[in-house]
Amino acid sequence: MKTTYSLIALAALLAASTAQAQSSGDWLVKAGANQIAPKVSSDELSPPALPDTRIDVEAKTALIFTAAYMWTDNVSFEFFGGLPYKHDIVGDGAIEGIKLGKVKQVSPTLLAQYRFGRPDDMFRPYVGAGVTYAYFYGTEGSAALTATTNPGGPPTTSEVDSKWAVSFQLGLNVKIDDHWFVDASLIKTPLKTTTHLSTGQSIATKLDPLSFGLAVGYRFR
Amino acid sequence: MMTRKVLIRSLGLLAAAVLAACGGGEDAGNQNPKVAYSRLVSFGDSLSDVGSYKVSGVAAAGGGKFTVNGGDDRIWVERLSQTLGLGAPCAAQTGLNAIQAVVGFPPVPATNHSGCYAYAQGGARVTNPVGPGNALLFNPADSTSYGNAIGALTRPLASQVAGHLAANGGSFGGDELVAVMAGGNDSIVNTAIFGATVAAGGDPATAAAAATTAVTAAATELVALIKDQILAKGAQRVIVVNLPDLSQTPAYAGQDAAVVAVVAGLVQAFNNTVASGVGSDARVLIIDAYTIDRDQNANPARYALADVTRPACGETSSLLCSLVTIAANNAGGDFKYADGVHPTPFTHQLLAQLVAVGMAQRGWL
């Protein structure tokens, strides 16, 4: 909360600035909602497992905060942070529909961007590319996960490998006034990871998440 | 410039807040099944028997279940019971009509145990009271019948269900899980009759047709038992596990092709008759053990099975087979079969897994 207050105070302090929008040396911060929708393609669970035992990971929306620095009038660097996402893991294939558990994830991302147009344009589309660290933690199992992997055994727990990945971004920045703007951004992150179960089994999964975020931003100079 | 410093400090705070939210490691989550069951009531044969004959010399030999006894020797019913949070099931009736002169240990009268709901007994058929292992099949003149001197009670499913109803006010509570698995012994006995008839010069086609008729009748009787004595008496959740493919078990390996074909056909006839007879009923879940059993033989690696052809217990009946017995046979991996027809504890785990998947998909777990 302290952070939020600082940002609001900053915004008030700087509201009188009259420089051109989004030019070299500016900082752009934004806050909004971001949905991460994994486009899952899962391998089969390693033995012993029923044929076609696969998993799916469901989409989740969370708050997002980003900060971008305008290096030139067109080139910027943007850092994505935000609150953790808690995704549901459900069965697919032979175990379709079974709610298996949950995994939390934060994926800090640093993107280099090219913003088309001129600093004071109302609409500035942009493209970006960069690196993401997909950090998975806080996994949670279930009675169904235990029953379908080691029935009658000790509760099955899981661990998801955290991974570095490359991200690609398409975005659009719409100016409201000299300071305020709204922003829409689409990020694709090809990402393959492996989930390990306490039973010794593992399952490799292509997550390839697509993130869509809508945010309101403020320009500092 | 000062504002930029403040901004960077703010971002630092934000990063700290995000990291602080990153607590927690691996959590097993809620292990309670979706449905709270009062008990697991199981009816069946050796594949579901949790120790009906674990008395007298069988117990003394370290045996008692139709698998490799000792260590973690839980069979699928025991794993299922623990999955439901119900603890270890106990045999509803124990005893042995052993022929002491042959087996060397005294008979133990059949005793009912109140509060125990695992009714399945090795050798049990659907309605016929005399199944494999029953002392009535012992014939001093026929050495191949000597295994029956063990004196298995072989209380058929019809009597198992009747016994449960009699002990529980004539009805099911509706909050129990009922497990049914039967028909293997009817298939085995009728295959043996086919073999004997043909060996005695009978017409194979006629003998095969008679076997099919008999097994189909047993399956029809099981359907009636499920509908009239289990569902109609109030059971709300019944799992029916169909028969594995007996023709692919070690017991039939190397046997006459006609015999193998007959037992294969009988298992299919039994399974098809039960599936169509029960039909689609929200209270019944049919577990297709047949398909997975065959897939285990075709793709053993998928199931982490090292050997799907040899019995881990060698020539010993699994009822008397323990970890001590199999030491010489252990190839360092998991065997599928304990003896000619019975699964090892590991194969039982796979069956429990299959049942659990079906139940979870139905919302029963």
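**Figure 1. The B:Cys313–B:Cys321 disulfide of the predicted model.** The torsion about the S-S bond of B:Cys313 and B:Cys321 is about -85°, so this disulfide is left-handed. The S to S distance is 2.0 Å. A disulfide here is a pair of cysteine sulfur atoms within 2.5 Å. B:Cys313 counts as buried at 2% relative accessibility. B:Cys321 is buried too, with a relative accessible area of 0%. Buried means under 20% relative accessible area, exposed over 50%, and partly exposed in between (1.4 Å probe, protein chains only). The model is predicted: local features need pLDDT of at least 70 and side-chain atom pairs count only at pLDDT 80 or more, while totals for chains, interfaces and linings use all residues. Residues are numbered from 1 along each chain as its sequence is written, chains are lettered from A and ligands numbered from 1 in the order in which they are written, and side-chain values use heavy atoms, leaving out hydrogens and water.

**Figure 2. The B:Cys90–B:Cys116 disulfide.** B:Cys90 and B:Cys116 are joined with an S to S distance of 2.0 Å. The torsion about their S-S bond is about -105°, so this disulfide is left-handed. B:Cys90 sits in the loop between helix H3 (76–83) and strand E3 (93–96) of chain B, and B:Cys116 in the loop between strand E4 (108–112) and H5 of chain B, so the pair ties together parts that are 26 residues apart in sequence. Helices (H or I, at least four residues) and strands (E, at least two) are DSSP runs, numbered from the N terminus. B:Cys90 counts as partly exposed at 30% relative accessibility. B:Cys116 counts as buried at 12%. Over all chains, the whole structure holds two disulfides. Those of chain B follow the pattern 1-2, 3-4, with bonded cysteines counted along the chain.

**Figure 3. The largest nonpolar core.** This core has 57 residues; B:Trp76, B:Leu80, B:Leu177, B:Ile239, B:Val355 and B:Met359 touch the most other members. Helix H11 (residues 345–362) of chain B gives the most to this core, with 10 residues. B:Leu80 touches B:Leu40, B:Leu177, B:Ile239, B:Val355 and B:Met359, not counting residues up to four places away in sequence. Another core, of 42 residues, lies apart from it; among its members are B:Leu222, B:Leu266, B:Phe270 and B:Tyr290. A nonpolar core is a set of buried Ala, Val, Leu, Ile, Met, Phe, Trp, Tyr and Cys residues joined through side-chain atoms within 4.5 Å.

**Figure 4. Helix H9 of chain B and its cover.** Seven of the 10 residues of H9 (residues 289–298) are buried, leaving the helix mostly covered. The buried residues are B:Ala289, B:Tyr290, B:Ile292, B:Asp293, B:Asp295, B:Gln296 and B:Asn297. Their cover includes strand E6 (237–241), helix H8 (257–278), strand E7 (284–287), strand E8 (307–311), strand E9 (335–337) and H11 of chain B. Contact means heavy atoms within 4.5 Å.

Figure 5. The peptide bond from A:Pro47 to A:Pro48 is cis, with omega near -5°. A:Pro48 lies in the loop between strand E2 (41–42) and strand E3 (53–57) of chain A. A:Asp208 is not a glycine, yet has a positive phi of about 35°. The loop between strand E14 (202–206) and strand E15 (210–220) of chain A holds A:Asp208. B:Ala304, also a residue other than glycine, has a positive phi near 60°. B:Ala304 is found in the loop between H9 and E8 of chain B.
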